[in-house]
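Welcome to the tour! Open your viewer, switch to a cartoon view, and keep the selection tool at hand.

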Amino acid sequence: MSNRSFDWLNQGLRDLEQAKDSRLAGRYELACFASYQAAEKAIKALHLHLGQEAWGHVIARLLAELPTTVSLELIEKG
């Protein structure tokens with residue numbers, strides 16, 4: 001199976017751009033949705049990069065399922 005982590009990351013970056021554009025246009029509900037999608041896809045990209053599968057849509061759970069060392073690094077960069 002090929003590693004699609006960069007595909008997920010690029011999709012997340014596009015969602016982030018959509019969120020920024022929506023915020024500037026005053027479409028705040030769409031900005032929130034696109035921001036959430038961007039975060040979810042970035043975390044899933046990280047899981048795939050680490051050779052793990054990631055299922056679901058709850059960001060807190062996806063973060064909790066990362067290896068402890070990765071999670072700590074993300075918290076410190078917070």
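Which pattern does the protein follow, read along the sequence? The pattern is α-α-α-α, and the secondary structure comes to four helices and zero strands. Helices (H or I, at least four residues) and strands (E, at least two) are DSSP runs, numbered from the N terminus.

Before you click further, note that this is a predicted model, where local features need pLDDT of at least 70 and side-chain atom pairs count only at pLDDT 80 or more, while totals for chains, interfaces and linings use all residues. Residues are numbered from 1 along each chain as its sequence is written, and side-chain values use heavy atoms, with hydrogens and water left out.

**Stop 1: the whole protein**

Select everything and show the surface. The protein exposes about 5600 Å², and carbon and sulfur atoms supply 61% of that area. Accessible areas come from the Shrake-Rupley method with a 1.4 Å probe; for residues, only the protein chains shown count as cover. Of the 78 residues, 27% count as buried. Here buried means under 20% relative accessible area, exposed means over 50%, and partly exposed lies in between (1.4 Å probe, protein chains only).

**Stop 2: helix α2**

Now select residues 28-49, which make up helix α2. At 1.5 Å a residue, its 22 residues should span 32 Å, and the end C-alpha atoms are 31 Å apart, which agrees. The expected span is 1.5 Å times one less than the number of residues. Buried residues of α2 include Ala31, Ala34, Ala38, Ile43 and His47. Which helices do the buried residues of α2 pack against? They pack against α1 and α3.

**Stop 3**

Is Glu40 buried or exposed? Glu40 is buried, because its relative accessible area is 4%. Leaving out residues up to four places away in sequence, Glu40 touches Gly56, His57, Ile59 and Leu62; a contact means heavy atoms within 4.5 Å.

A salt bridge is a side-chain nitrogen of Lys or Arg within 4 Å of a carboxyl oxygen of Asp or Glu. Glu40 and Lys44 are four residues apart in α2, about one turn of the helix. An α-helix has 3.6 residues a turn, so residues three or four places apart point the same way.

**Stop 4: across to helix α1**

How many salt bridges does a search of the whole structure find? It finds five. For another one, select Asp15 and Lys41, whose closest N and O atoms are 2.7 Å apart. This pair links distant parts of the chain, with Asp15 in helix α1 and Lys41 in helix α2, 26 residues apart. Asp15 and Lys41 are both buried.

**Stop 5: helix α3**

Next, select residues 59-64, helix α3, and pick out Leu62. Leu62 is buried, because its relative accessible area is 0%. Beyond its neighbours within four places in sequence, Leu62 is in contact with several residues, among them Ile43, His47 and Trp55. Draw a distance from Leu62 to Glu40: their C-alpha atoms are separated by 8.0 Å, although the residues are 22 apart along the chain.
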